[in-house]
Amino acid sequence: MKDVIIIGAGTAGLTAAIYALRAGKSVLVLEQSSYGGQIINTPHVENYPGIERISGYEFASGLFRQAEKLGMEYRNEKVTDIREEENREAAGGKSGKIVETTERNYRAKAVILATGAKNRPLGIEKEAEFIGRGISYCATCDGMFFRGKKVAVVGGGNTALEDAAFLSNYCEKVYLVHRREGFRGEDKLVNELREKENVEFLLNKTVQAIEGEMALQAVLLLDKNSGKESRLEISGLFVAIGQIPENEVFAGLVELDEGGYIVAGEDCRTNVDGIFAAGDCRKKTVRQLTTAAADGAVAALAAAQL
């Protein structure tokens, strides 16, 4: 029996481990791939309070080492199910949880879901190769690296519109590429962008290819109406076509919203007693390192009281 089992070893999960361990609880962290989450692919982190500049990998490694030194147990195993403990006496008189993985079953008094979300990729050749070398999925994280340069944002929702507005404050030119004539995002945001001199809409177009050697130099666009291709010279491409929360295995356990995110408030409590959600997998407005860490701390302290 573990006091707390944490599923996911990103910023939220590892922060939760640190806080639960400091509260004197036994902690097991389960991660199906490698620890760190999405941030390990970011070359430079410059928006985390108190840390002027650090690589994403170094940031994640520091969290992992800190949790490990405090006594975290860590296993690379994929979780396949979570169910209620049938023997309440074995759970200390409370309804504990059984966490099933591809390897074995574990018992816990509380479970924290910190599975994160992955960015929806464009799905074109060389995309992964150029992450951190011109391609980004987070304008607020990486926008400052493109100060005074020409960039493009791909997407038609609020995130893409907000990213374009943010980048327009720092970049020489911002192209907003959208595959349709109209945007899914709010009209107010669209109208505000239309008034900006350094923002240009490229509608009914899709990104077909990426050009560059050591860094991104240009993208090829396909006009969906005419079928013609055009070349757009840019230094940065910000992809904002949505995220994919990795919560499928929990769909029958906790409440999810229409986008697949776990419904949990700022107290990180789900609709199931003893199960908490922290980080990007949770329904929320802002998804940053700071909010992931905050979620981890809140969820761990709540779980430690069970």
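Hello everyone, let's start where two helices meet: the axes of helix α1 (residues 11–22) and helix α6 (residues 289–303) come within 7 Å and cross at roughly 40°. That angle makes α1 oblique to α6; angles under 35 degrees count as roughly parallel, over 145 as roughly antiparallel, 65 to 115 as roughly perpendicular, and the rest as oblique. The axes are lines fitted to C-alpha atoms, for helices over the stretch in contact, with angles running from 0 to 180 degrees between N-to-C directions.

Before going on, a word about what you are looking at. This is a predicted model, in which local features need pLDDT of at least 70 and side-chain atom pairs count only at pLDDT 80 or more, while totals for chains, interfaces and linings use all residues. Residues are numbered from 1 along each chain as its sequence is written, and side-chain values use heavy atoms, leaving out hydrogens and water.

Back to our pair. The crossing of α1 and α6 is right-handed; a crossing gets that name if the near helix is turned clockwise from the far one by less than a right angle, and it is left-handed if anticlockwise. On the α1 side, the contact (heavy atoms within 4.5 Å) is made by Thr11, Ala12, Thr15, Ala16, Tyr19 and Ala20. From α6 come Leu289, Ala292, Ala293, Gly296, Ala297, Ala300 and Leu301. These residues divide into 10 nonpolar, three polar and no charged. Here Ala, Val, Leu, Ile, Met, Phe, Trp, Tyr, Cys and Pro count as nonpolar, Asp, Glu, Lys and Arg as charged, and the others, Gly among them, as polar.

Now, which other helix does α1 meet? Helix α2 (residues 56–69): the two axes come within 9 Å and cross at roughly 25°. The helices α1 and α2 are therefore roughly parallel to each other, and their crossing is left-handed. Among the α1 residues in this contact are Leu14, Ile18 and Leu21, and α2 brings Phe59, Leu63 and Phe64, among others. The tally for α1 with α2 is nine nonpolar, three polar and no charged.

Helix α4 (residues 158–168) and helix α5 (residues 187–194) have axes that come within 10 Å and cross at roughly 30°. So α4 and α5 are also roughly parallel to each other, with a left-handed crossing. Asn158, Leu161, Glu162, Ala164 and Ala165 of α4 touch Leu189, Val190 and Leu193 of α5. This time the residues divide into six nonpolar, one polar and one charged.

Time to step back. How many helices and strands does the protein have? There are six helices and 17 strands, where helices (H or I, at least four residues) and strands (E, at least two) are DSSP runs numbered from the N terminus. Along its principal axes, the C-alpha trace spans about 70 × 35 × 35 Å. Buried residues make up 49% of the 306 residues, buried being under 20% relative accessible area, exposed over 50% and partly exposed in between, with a 1.4 Å probe and protein chains only.

Is Pro245 buried or exposed? Its relative accessibility is 8%, so Pro245 counts as buried. Leaving aside residues up to four places away in sequence, Pro245 touches Gly116, Ala117, Gly259, Gly260 and Tyr261. Gly116 is 129 residues away from Pro245 along the chain, and their C-alpha atoms are separated by 6.2 Å.
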